[in-house]
Amino acid sequence: MSNETNKSGFRQGFKDSLKSMDTEEHIDLYFYRPIGYAWALLARKLGVTPNAITIASIFLGVGAGVCFYFNNIWWNLLGMLLLIWADSFDSADGQLARLTGQYSRLGRILDGLSGDLWFAAIYVAICLRENVTSEFFSSHHWVIWVMAVVTGLCHATQAAMADYYRQFHLFFLKGKQGSELENSSDLRKKYDSLSWKHNFFQKFIMTFYLNYTVGQERRTPAMQNLRRRLREKYHGEIPQEVRDRFRALSLPLMKYTNILSFNVRTIALFTAILIFRMPWLYFAFELTVLNFILIYMVVRHERICKNFKI
């Protein structure tokens with residue numbers, strides 16, 4: 001009976017550590033989330049904060065990038081393991097925050113920044129490696145660097161929009177408390193209240209986060225119009241029937257937000273590096289396949305928001 005109770009408690013705790021079943025990706029649900037939950041339980045026992053785990057993940061992800069520089073299968077396998085470890089920490093920080101109620105805007109910003117730093121290190125490593133190992137790129141150094149910069153910009157947009165649509169879906173599913181959906185006007189007020197002299201670090205971080213949110217809003221005019229109509233009509237108390245209708249329309253798009261997140265990227269990265277031994281193919285994958293999915297996702301979501309009746 002005691003063992004059954006413990007198992008039941010573990011399962012319930014694991015379920016509580018998830019954002020929602022609507023937004024979970026299969027590899028995350030059956031691999032990264034269980035590992036992340038184990039890390040989160042250990043961190044809670046040791047008194048480690050979610051932000052500390054996020055910072056540790058940055059070092060692991062950057063270390064993975066360094067390993068991908070070497071044209072050596074064993075170094076590359078080590079890089080793969082470090083990147084998987086980093087992503088398990090990326091799961092753990094959010095799960096720990098949900099278990100302990102240690103939510104913070106700084107934590108959300110650090111969480112987004114960590115992935116950017118991982119891939120920045122990986123992109124630099126790929127460029128340096130291709131300039132040494134590839135006959136074409138060694139003769140045309142600038143080509144791979146241009147590919148990396150353009151890919152990085154596309155990656156940032158893809159990740160930002162996937163996160164935004166996921167948070168909007170969670171807003172309808174769980175309400176304001178269950179979502180991290182932001183509003184640039186509220187962030188602007190917070191930004192203006194901070195002083196460069198007395199709150200330099202906070203204001204510096206808020207500068208990037210405000211621009212990040214403004215970019216998300218600029219790319220989603222129909223969503224912003226729907227958000228305005230919802231505020232004007234319901235004043236924050238959206239009826240359950242309205243929530244359910246939007247959730248049903250938004251749910252099929254969650255698979256695209258998952259494709260544009262971590263797992264598909266890393267599968268493509270590992271394939272390019274470990275199997276084809278041509279890391280530049282990863283850039284080609286992001287520039288073609290993932291950009292096509294991004295455009296399709298944005299167009300469909302905007303159409304849903306534009307045609308949604310309230």
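Does His235 count as buried, partly exposed or exposed, and at what relative accessibility? His235 counts as exposed, at 64% relative accessibility. Here buried means under 20% relative accessible area, exposed means over 50%, and partly exposed is in between, with a 1.4 Å probe and protein chains only.

This is a predicted model, in which local features need pLDDT of at least 70 and side-chain atom pairs count only at pLDDT 80 or more, while totals for chains, interfaces and linings use all residues. Residues are numbered from 1 along each chain as its sequence is written, and side-chain values use heavy atoms, with hydrogens and water left out.

Stay with His235 for its backbone. His235 sits in the loop between H10 and helix H11 (240–250). Helices here are DSSP runs (H or I, at least four residues), as strands are (E, at least two), numbered from the N terminus. The phi of His235 is positive, about 50 degrees, although His235 is not a glycine. Most residues other than glycine have a negative phi. Arg277 is another case: its phi is near 60 degrees, a positive value in a residue other than glycine. Arg277 belongs to the loop between H13 and H14. At 30% relative accessibility, Arg277 counts as partly exposed.

Now go inside, to the nonpolar cores. A nonpolar core is a set of buried Ala, Val, Leu, Ile, Met, Phe, Trp, Tyr and Cys residues joined through side-chain atoms within 4.5 Å. The largest one has 35 residues, and those with the most contacts inside it are Phe68, Leu83, Ile122, Leu269, Tyr282 and Phe283. Two or more residues of this core come from each of helix H2 (26–46), helix H3 (50–69), helix H4 (73–100), helix H5 (105–133), H7, helix H13 (263–275) and helix H14 (280–307). H4 gives the largest share, seven residues. Leaving aside neighbours within four places in sequence, Tyr282 is in contact (heavy atoms within 4.5 Å) with Phe119, Tyr123, His155, Arg265, Ala268, Leu269 and Ala272. Another core lies apart from the largest one. This other core has 27 residues, among them Ala222, Tyr234, Leu253 and Leu294.

Arg44 is in helix H2. Its relative accessible area is 45%, so Arg44 is partly exposed. Beyond four places in sequence, Arg44 is in contact with Leu96, Leu99 and Thr100. Arg44 and Leu96 are 52 residues apart along the chain, yet their C-alpha atoms are separated by 7.1 Å.

Next comes Tyr164, in helix H7. Tyr164 is buried, because its relative accessible area is 2%. Not counting residues up to four places away in sequence, Tyr164 touches Leu181, Glu182, Gln216, Glu217, Thr220, Met223, Gln224 and Arg227. Beyond four places in sequence, Thr220 touches Met161, Tyr164, Tyr165 and Glu302.

A cavity is a set of points, on a 1 Å grid over the protein atoms alone, where a 1.4 Å probe fits but cannot get out; lining residues have an atom within 4 Å of a point. A search of the whole structure finds one cavity of 30 Å³ or more. About 40 Å³ of space lies in the largest cavity, where a volume is the space filled by probe spheres set on the points, and grid points are joined across faces, edges and corners. Helix H7 (141–174) and helix H9 (200–218) each supply at least two lining residues. The lining divides into three nonpolar, three polar and four charged residues. Nonpolar covers Ala, Val, Leu, Ile, Met, Phe, Trp, Tyr, Cys and Pro; charged covers Asp, Glu, Lys and Arg; the others, Gly among them, count as polar.

Finish with the cysteines. How many disulfides does a search of the whole structure find? The search finds zero. A disulfide is a pair of cysteine sulfur atoms within 2.5 Å. The sulfur of Cys127 is 14 Å from the closest cysteine sulfur, in Cys154, so it is too far for a bond. Cys127 is buried, with a relative accessible area of 0%. Cys154 is buried, with a relative accessible area of 18%.

Methods. 1 Å grid on protein atoms, 1.4 Å probe; cavity = no way out; pocket = protein on both sides within 12 Å on 5 of 7 lines; lining within 4 Å.
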